[in-house]
Structures are given as structure tokens and as C-alpha cells.
Amino acid sequence: MLSLPLLLPLLWAVVSHGFPVTPEIQGEDAELVQKYLDNYYNLNKGTHVGKQKRSINDLVEHLEQMQKFFGLKVTGKPDNETLRMMKQPRCGMPDVASFTIMPGGFRWNKKDLTYRIRNYTPDLPRSVVDNIFEKAFRLWSDVSPLTFTRIFWGEADIMIYFTRGDHGDNNPFDGPSGKIAHAFAPGPYIGGDAHFDEDETWTEEKRAKHLGKINLYLTAAHEFGHSLGLDHSSDPASIMFPVYSENGVIALGQDDIVGIQALYGPSKNPIKQVSLQAPDVCNSQITFDAVTTVQGEIVFFKDRFYIRSHPLYLETKMHFTATFWPHLISGFDAAYELEHKDEIRFFKGFNYWAVQGQYALPGYPRSIYHSFGFPRTVNKIDAATYDAYTGKTYFFVANKYWRYDEYRQSMDRGYPKMIAYDFPGIGKEIDAVFSKDGFFYFFHGTKQYKFNLKTKQTTILKSNSWFNCRK
């Protein structure tokens, strides 16, 4: 009988409709897929041993379930995007909960809870750890009637440990990255307890991931949500999103607030708290900060989020920009892709950054004045796009635009020119632009303008016409 790891290459060859089985997904990645779906999507639950067809169908079904949860292309195949998500540090609790492994119920039957810190990480001073845990509990008490009191001996409702490897709860940690922490639903004994992997390097820095560290405050806020009875959320703006996602702000998402108040009710003395909420791309009033192509797909940026437009995406979901590009700041003014270099450039203010895939290129940020020759009167770029047919990049600033020759690395003569004169019908100013198949797509407010570069004809569309939104 074939074991599941041996079945994986066979499965991909049989059901992938031509998907190539590369060496990269036959060894460690094949084992990763099995373990990931085992741990977080109950892959082996109900599987009949010896039933190869059932095993293959189960694998595809659970892989599709994982892809749908994270808003990936639902292919049932371990493509590069899926593997990249599986390799992100994350909470060790399942996304599809098998609640039999969690003792007790799903909410506390009291509002005044206690917690105890059993030990400390050497990565941070004890006073810093104490303050971080206090702040993490306060996030939840600010929006609910719950109170949290620290005790120093005896059994608390929520016991907090730093530990590593197999630590006796049937949910072992796996070394640096991977599972970084987990917590159990409310109940007696281990119920409510939170465990943090001591093999991680813990820090209070908000931008920790690109340094190979993990922010303890962000992680604790997530785990304490489990301690209070919340499951994982598929909303990337939620603190209960299972993948460790830095975004520059540590705050509850609207989904978190709705969830905790559904369990315990609203706060009697509400404190105004900043909450994160992913923009609704199907809202007719949505606008975008920047748009660019990325290896044939179209990527839209809004605040701290990005959305990918692809014909295989049945659902459209937001993702934190910092999840994919942790080294970049959020809130870009403009972005464009240089296809021949496989490079994407992001602009904010008078600086810009360059990446290849998810990797930052060295030597950035750079100044738009030194690199492109803009006058000092230009404080920021409103929009930019590269025309692969001519090798020219168009920069739009207020009611004017510049044209830059990427091969000569110099600005073309005679610029800037007026937008309204050379691009009639799109207005005087734009928010974002990208080019595709001989057309420029301009965005201003809630409108999109499809501009034919040859005929100079304009078609007006909704700003969100690229998404699978119901009319």
C-alpha cells in the first residue's frame, strides 16, 4: 500500500491537468503539504486506510479548503503560492477545528478572569513581557465586559508558558518559524492556557519578521483570543487570522470585535479603539491607491492591503501587503512592473523601493530626484505604468505626466506634458494606472478609464470591474 507521502507526486501527476511535478514539490514540500493539512485541516480525519482513491480525493478536497480559506486560487494543487502560504509562521491551532481536542466549552461562564505567567523568555526583560501580556488582554477587555487579573501563584484561568518541542499537550512545537504559539478554548485543566514557542526569537519591535523575529504582542493578542473562545478568521484584517501578519498596527479587526461581543456582550464602559477592517472591493465607492501588473496578474493596493485579480479566483479577498513584502511600508502612492527585469517598483513620497518576487533588492529606498531626474517641486508620484512596447515609463503627477526611457535611463525631452491633452477623456488627475494589451487603465475616484493608446478612445468602467462582484 502506498503511504500518503508517496501518493502526493502520483496525485499531482494524475489530477493536475498538466501541472508539472517538479523536484521542489516531491521532497520536503510534499511532506510539508501532508503535515500542514494534517495539522490545520483534519486531512486524515475519516480517511479509510487502504482506500487510495479516497485518500487522493481527501487530499484535493482539503487542499482546496485551505486555498479557499486564505483567498488563494482554488486549484487543489500545491502551486507555488500555496506552498509559500504554508511556509509562513502561524498559530498552531487548526483552521478547521476538531473541537474534541479542546477540553471544555467555547466560552467562559464568568466575566472576571485570571492569568498567570509561569515562566519567561530570555529574549525580553521580564517587565517588558509583563507589559506586553497586560496590553494584549486589554485589547479584548476594551471591547467586552471581561476583566483580567494577574495572579502569582495557584491555578489561573489562563496559564501562560514559554516552552519548546513536545511539551505534553499533544500539539508539539516544531522549532523556529512554523508553529509559533497556540492556545486552548475555555475550560478546566489546560483549557484557556497559552503556549509560546521558546525556539522563536521574541521581540517588541513591530517590524520583526524581516529580522527573523516574532512580535510577542501581536502573537499574544491572537492566542488570547483562542483562550476566550474565538476560532480562526479568514479575514486578513482580523487579529484571529491564523498566519502571522505584520501590518504596522496591532489592533483588533471588526471581525474580532463582533466575535468577542457575540460570546460575552459589549463593554459596559466602551473605550474607543482603532479597529482594522479590510475594504470591500465590491463596494461601488471603493478607490485604489495604486495598481500594477505582477507576472501577468493585476494587483490592486488599498491602505495596508493588496488584492490580486485572476480569472481563476472565485472569491476576492484582501491580504496584508506586509505579509508578502514585510520590508516595505504600507500606503503606496504608485507602483509599476518592469517585465524584462522581473522587477516591481513601489513609490511613496519622494522615495521608491524595488523588489523581485517577495525579495527586496539592495540599495533601496532611492530618491526619485537622483534616479529619474524629477524636479524638487515633485513631492510624490500619483501613478505610474510601464509600456513594454516602447520601453517607456509614464509618471503622472497632479495634472501633468513625464515619460522616462528605461533603456537609456533618462527622462524624455519635452516633458512634462498635460494629461488632459494627450489622454483626452480621463480627466485632469488620476489615482492609479496600469497597462495591459495596448491599453492604459486609469483610475480616478470610483471610475476607471480604459484608454486605447492607438485610437485615443476612452471607455468608462467601474473601478472594481476586475473583480468577481455581483451586479
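**Figure 1. Buried residues of helix α7 in the predicted model.** In this predicted model, helix α7 spans residues 254-264, and its buried residues are D256, I257, I260 and Y264. Viewed down the axis of α7, these buried residues fall within an arc of 95°, so they line one face of the helix. An α-helix has 3.6 residues a turn, so residues three or four places apart point the same way. The buried residues of α7 pack against α5, which covers residues 126-141. Just after α7 comes G265, with a positive phi of about 90°.

Figure 2. The largest nonpolar core contains 47 residues. Within this core, the residues with the most contacts are I381, F395, F396, F423 and F442. A second, separate core has 44 residues, including Y120, W140, I257 and I260. I257 and I260 are also among the buried residues of α7.

**Figure 3. The surroundings of I381.** Leaving out residues up to four places away in sequence, I381 touches D333, A334, F347, G349, I368, F374, F395, F396 and V397. Of these, F395 and F396 are listed with I381 among the residues with the most contacts inside the largest core.

**Figure 4. Strand β15 and its partners.** Strand β14 (residues 343-348) and strand β15 (residues 351-356) run antiparallel and are joined by five bridges. K348 has N351 of β15 as its bridge partner. Two residues lie between the strands of this hairpin, and G349 takes a positive phi near 60° there. β15 also pairs with strand β16 (residues 359-360) in the antiparallel sense, over two bridges. Here Q356 has Y359 of β16 as its bridge partner. The hairpin of β15 and β16 has two residues between its strands, and G357 takes a positive phi near 65°. Strand β17 (residues 366-367) is another antiparallel partner of β15, again with two bridges. Y352 stands opposite R366 in β17.

Figure 5. The whole structure contains 53 aromatic pairs. One of them is formed by F347 and F372, with 6.0 Å from centre to centre and 40° between the planes, a tilted arrangement. This pair links distant parts of the chain: F347 is in strand β14 and F372 is in helix α9 (residues 368-372), 25 residues apart. F347 has 0% relative accessibility and counts as buried; F372, at 5%, also counts as buried. In the pair of F439 and Y441, the ring centres are 6.3 Å apart and the planes meet at 45°, so this pair is tilted. F439 is partly exposed, with a relative accessible area of 23%, whereas Y441 is buried, with 7%. Ring pairs also link Y336, F347, Y352, Y364, F372, F374, F395, W402 and Y404 into a cluster.

**Figure 6. An open sheet of six strands.** The strands follow the order β1-β5-β6-β4-β2-β3, and their pairing is mixed. β1 (90-91) and β3 (147-150) stand at the edges with a single partner strand each, so one side of each has no neighbour in the sheet. Strand β2 (residues 112-117) runs parallel to β3, and four bridges join the two. Y115 has R150 of β3 as its bridge partner.

**Figure 7. Two cis peptide bonds.** The peptide bond from Y364 to P365 is cis, with omega near 10°. P365 lies in the loop between β16 and β17. The bond from Y415 to P416 is also cis, with omega near 15°. P416 is found in the loop between β21 (410-411) and β22 (417-418).

**Figure 8. Positive phi outside glycine.** Y189, a residue other than glycine, has a positive phi near 60°. Y189 is in the loop between β5 (179-183) and β6 (194-197), and its relative accessibility of 73% counts as exposed. A398, also not a glycine, has a positive phi near 55°. A398 is in the loop between β19 (392-397) and β20 (400-405). At 33% relative accessibility, A398 counts as partly exposed.

**Figure 9. Confidence along the chain.** The mean pLDDT of the protein is 83, and 85% of its residues reach 70 or more. Over residues 46-54 the pLDDT stays under 50, and the model has 10 contacts beyond four places in sequence for this stretch. Residues 98-105 also have pLDDT below 50, with 17 contacts in the model beyond near neighbours in sequence.

Technical notes
Residues are numbered from 1 along each chain as its sequence is written. This is a predicted model: local features need pLDDT of at least 70, side-chain atom pairs count only at pLDDT 80 or more; totals for chains, interfaces and linings use all residues. Side-chain values use heavy atoms; hydrogens and water are left out. A nonpolar core is a set of buried Ala, Val, Leu, Ile, Met, Phe, Trp, Tyr and Cys residues joined through side-chain atoms within 4.5 Å. Buried means under 20% relative accessible area, exposed over 50%, partly exposed in between (1.4 Å probe, protein chains only). Contact means heavy atoms within 4.5 Å. The arc is that of the directions from the helix axis to the C-beta atoms. Two strands pair if DSSP finds at least two bridges between them. pLDDT is the predictor's confidence in each residue, from 0 to 100. Rings of Phe, Tyr and Trp (its six-membered ring) pair if their centres lie within 6.5 Å; planes under 30 degrees apart count as stacked, over 60 as edge-to-face and the rest as tilted.
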